[in-house]
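This report goes through selected features of the structure shown below, beginning with the contacts between protein and DNA.

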Protein chains: 2
Amino acid sequence: MKYHKIPDETIRRLPIYLRGLLLSSEQGRQSISSRNLADFVGVNSWQIRKDFSYFGDFGTRGVGYNVEKLTKQIKKILKLDAAPKVALVGVGNLGSAVLAYPAFRICGFDIAAAFDINPKKIGKKINNIVVEDASKLRTLKKRRINLAIITVPRDAAQQTADALVKAGVRGILNFSPCYIVVPKKVKVITIDIAMDLARLPYYMPAS
Amino acid sequence: MKYHKIPDETIRRLPIYLRGLLLSSEQGRQSISSRNLADFVGVNSWQIRKDFSYFGDFGTRGVGYNVEKLTKQIKKILKLDAAPKVALVGVGNLGSAVLAYPAFRICGFDIAAAFDINPKKIGKKINNIVVEDASKLRTLKKRRINLAIITVPRDAAQQTADALVKAGVRGILNFSPCYIVVPKKVKVITIDIAMDLARLPYYMPAS
DNA sequence: CTATGTGAATTTATTCACAGCA
DNA sequence: TGCTGTGAATAAATTCACATAG
């Protein structure tokens, strides 16, 4: 199995496992079985084993997985071991909340810059980060920041993405409720809160 | 095809189509082809046609789909036509941002209540909604609110979910970075910003 | 005896190719 | 001719069952 390509769905679950592992590590756990982890993260134990099997033997039969070793390996696969630097564009309500979001740290992210076009916001410090003028986005290349979060209003999302791509950004987490077009070499993941909420009623039984 | 169960993945895409349709309706469009919509939302045209085929004939061959009719049908399938009422628990940074999020309206949601445990926040008005004491969650049943958004810190997420379930809530959008356990009759969708960000570096080519 | 690792079976989703209608 | 609608083909993901190792 070692030489198989890791399925996309497995990649989608790896961060979930990582979160579970970090949490159980905090609780002083050193080894964990697929069953234990399953209860912790809400994924079947056989699914977990299958997922892990795509990238090697980390478990000990009869015992389980070594939490530290597995954590390191997942981080390596996800390329999180280099503490990726991230820029955020759009320091409005949502942007400020994302800047203050504590859970980035545990994944190893370093929120290294924030931008806005509002002169009132530029120069202010939010969560220890000085807000810069969005016209300075091109400095990202020199600063070796190639990950960005977009939290600007919808109308500005595409042009923000264009500017980011021009500045060498290769991965974008987009919170604007729209589809944005980028070159193939750039990966975009869109989080649209309303889209997820919109799926809920379908799954709810009649009240 | 009309009598087939609609696949989960199709349901996941329906809100995306809905967003695209609403946007193109704003632009005065009355009919749209699968190709047009594809460019708009970033999904293949044959995927779109297949998805729509699961719930009936809405297109006119040679022309495309009637925007209004299709919009109504998608809303009906997603059970969004009744303007579902939503409660939000946890008016911190993220909670406030979500309350102010404009895109809920277009999907037809009615943010009807907000709760917090912080006495300083209770009674304050945020985006026209008075923040109530979280101990009053049980009033949700009488008010016929069965959808909720959780934006509390991780430690409080599970107990908040428990309280919501007790109050009759059947669908939860969870922003806390953890897995929460609920009875089978309750549907939870978790948005973990860090999880999505954590997937990006994997897909980025070496810089 | 416990828990992993993995081929095989099954289920689910995507893609294709084209018939059929306006 | 243009675009939908859909069976059939392909691809992908999940689930199972069990051999295997500690």
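## Surface near DNA strand C

Five elements each supply at least two residues of the surface near DNA strand C: helix 3, strand 2 (59-60) and strand 3 (64-66) of chain A, and helix 1 and helix 3 of chain B. The model is a predicted one. Helix 3 of chain B gives the most to this surface, with four residues. By class, the surface near DNA strand C holds seven nonpolar, 10 polar and 10 charged residues.

There are 27 residues around DNA strand C, and those that come nearest are A:Ser34, A:Arg49, A:Arg61, A:Tyr65 and B:Arg13. Sugar or phosphate makes up 63% of the atoms of DNA strand C within 4 Å of the protein, and the rest belong to bases. For B:Gln47, a polar side-chain atom lies 3.5 Å from a sugar or linking oxygen of DNA strand C.

## Surface near DNA strand D

The elements that each supply at least two residues of the surface near DNA strand D are helix 1 (8-26) and helix 3 (45-53) of chain A, along with helix 3 (45-53), strand 2 (59-60) and strand 3 (64-66) of chain B. Here helix 3 of chain A gives the most, with four residues. The residues of this surface divide into seven nonpolar, 10 polar and 10 charged.

Of the 27 residues around DNA strand D, the ones that come nearest are A:Arg13, A:Arg61, B:Ser34, B:Gly59 and B:Tyr65. Of the atoms of DNA strand D that come within 4 Å of the protein, 64% are accounted for by sugar and phosphate. Base contacts involve arginine side chains from both chains, including A:Arg61 and B:Arg49. An N or O atom in the side chain of A:Arg61 is 2.4 Å from a base oxygen of DNA strand D.

## Helix 1 of chain B

Helix 1 of chain B runs over residues 8-26, and at 1.5 Å a residue its 19 residues should span 27 Å; the end C-alpha atoms are 28 Å apart, so the two values agree. The helix has a kink of about 25° at B:Leu14, shortly before the proline B:Pro15.

Helix 1 of chain B is mostly covered, with 14 of its 19 residues buried. Just after this helix, B:Gly28 takes a positive phi of about 85°.

## Sheet of chain A

Chain A contains an open sheet of seven strands in the order 6-7-5-4-8-9-10, with mixed pairing. Strand 6 (125-126) and strand 10 (187-190) stand at the edges; each has a single partner strand, so one side of each is left without a neighbour in the sheet.

Within this sheet, strand 8 (residues 147-150) and strand 9 (residues 171-174) of chain A run parallel and are joined by four bridges. A:Leu147 has A:Gly171 of strand 9 as its bridge partner.

Terms used: Residues numbered from 1 in each chain as written. Chains lettered and ligands numbered in written order. Predicted model: local features only at pLDDT ≥ 70, side-chain atom pairs only at ≥ 80, totals over all residues. Heavy atoms only, no water. Expected span 1.5 Å × (residues − 1). Bend = angle between axes of the 7 residues up to and from the residue. Buried < 20%, exposed > 50% of the residue type's maximum accessible area, 1.4 Å probe, protein only. Near = heavy atom within 4 Å. Polar contact = N/O pair within 3.5 Å; in protein donor to acceptor, adjacent residues only side chain to side chain. Nonpolar A, V, L, I, M, F, W, Y, C, P; charged D, E, K, R; others polar. Pairing = 2+ DSSP bridges.
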